[in-house]
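These are my notebook entries on a structure I had not looked at before. I wrote down what I looked up, one place at a time.

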Amino acid sequence: TADMVVLQPLVPRLGFDPDRPLSSLLSEEERTRLVAVLDNAGLPIEAIDPMRPWLAGITIASLPILAAGYDPNAGVDRVLMAVAQAADKPVLGFETAEQEIRFVADLPDPLALDLLRETLEEVEAVDYLADVSTAWLAGDVDALASLLNVDMNLEADELYRVLVIDRNRDWTKQIIARLNGSGTSFVVVGAGHL
């Protein structure tokens with residue numbers, strides 16, 4: 001897809017820093033937690049160590065999803081996009097693929113490390129993925145907010161602002177513009193943005 005063409009050169013350029021290994025940015029306790037999570041997934045620390053904190057966080061976040069048998073190509077966004085395209089409906093994004101990746105790639109190291117720490121906590125929580133799935137399937141926005149955003153908001157206010165609040169504000173302007181236009185729009189956002 002067009003997104004992959006954009007992302008393929010960006011991820012290696014923005015996501016790796018072999019001169020500053022990830023393990024050198026973490027405390028001993030954090031390294032131990034990281035190694036335990038990676039061991040559980042059957043990955044050596046060397047697989048993650050050259051990554052910048054944001055890419056390591058995204059990579060680690062995907063591990064329990066893949067282990068649980070979820071197909072990253074079968075996400076609701078991709079399914080609905082395919083349905084819209086099959087029905088010859090226009091599909092517009094609030095952000096480009098490059099903008100999305102830069103929200104995390106451009107985080108200052110302290111915020112990117114907060115994101116990694118938050119991700120480690122989530123993957124260590126035994127029922128986290130099941131709880132998020134259950135809340136999403138039930139349409140329980142309050143439970144989703146509690147699971148996905150409250151810890152981030154309390155523990156890393158700046159991170160929450162960059163990844164959720166500022167983007168929601170931008171999207172709201174775009175939604176209002178659509179509402180002031182003609183026709184019908186169907187809006188799909190990630191669960192954390194609800």
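I began just after helix α3, where I found that glycine 69 takes a positive phi of about 90°. I was reading a predicted model here, and I kept that in mind for each entry that follows.

Turning back to α3 itself, I noted that this helix covers residues 53–67, and I checked its length: at 1.5 Å a residue its 15 residues should span 21 Å, and the end C-alpha atoms lie 22 Å apart, which agrees. I then listed the residues of α3 that are buried, and they are Pro53, Trp54, Leu55, Ala56, Gly57, Thr59, Ile60 and Leu63.

I looked for another positive phi and came to aspartate 88, a residue other than glycine, whose phi is near 60°. Aspartate 88 sits in the loop between α4 (76–86) and α5 (97–105). Is aspartate 88 buried or exposed? With a relative accessible area of 72%, aspartate 88 is above the 50% cut-off and therefore counts as exposed.

The mean pLDDT of the chain is 86, and 92% of its residues reach 70 or more. Among the elements of the chain, helix α2 (residues 28–41) has the highest mean pLDDT, at 92, while helix α8 (residues 141–155) has the lowest, at 72.

I moved on to helix α6 and repeated the length check: its 16 residues should span 22 Å at 1.5 Å a residue, and its end C-alpha atoms are 22 Å apart, which agrees. The buried residues of α6 are Asp109, Leu111, Ala112, Leu113, Leu115, Leu116, Glu118, Thr119, Leu120 and Glu122.

From that list I picked threonine 119, which lies in helix α6 and has a relative accessible area of 5%, so that threonine 119 is buried.

Where they meet, Leu111, Asp114 and Leu115 come from α6, and Glu158, Leu159 and Leu163 come from α9. I sorted the residues of this contact into four nonpolar, no polar and two charged.

Past α9 I stopped at glycine 183, which belongs to the segment after that helix. Glycine 183 counts as exposed, at 71% relative accessibility. Glycine 183 and valine 83 are 100 residues apart in sequence, and their C-alpha atoms are 18 Å apart in space.

My last entry concerns leucine 10, in helix α1 (residues 2–15). At 4% relative accessibility, leucine 10 is under the 20% cut-off and so counts as buried. Leaving aside neighbours within four places in sequence, I found leucine 10 in contact with Gly15, Glu98, Ile101 and Arg102. I also compared leucine 10 with arginine 161, which is 151 residues away in sequence and 24 Å away in space, C-alpha to C-alpha.

Technical notes:
Residues are numbered from 1 along each chain as its sequence is written. This is a predicted model: local features need pLDDT of at least 70, side-chain atom pairs count only at pLDDT 80 or more; totals for chains, interfaces and linings use all residues. Side-chain values use heavy atoms; hydrogens and water are left out. Contact means heavy atoms within 4.5 Å. Helices (H or I, at least four residues) and strands (E, at least two) are DSSP runs, numbered from the N terminus. Ala, Val, Leu, Ile, Met, Phe, Trp, Tyr, Cys and Pro count as nonpolar, Asp, Glu, Lys and Arg as charged, and the others, Gly among them, as polar. pLDDT is the predictor's confidence in each residue, from 0 to 100. The expected span of a helix is 1.5 Å times one less than its number of residues. Buried means under 20% relative accessible area, exposed over 50%, partly exposed in between (1.4 Å probe, protein chains only).
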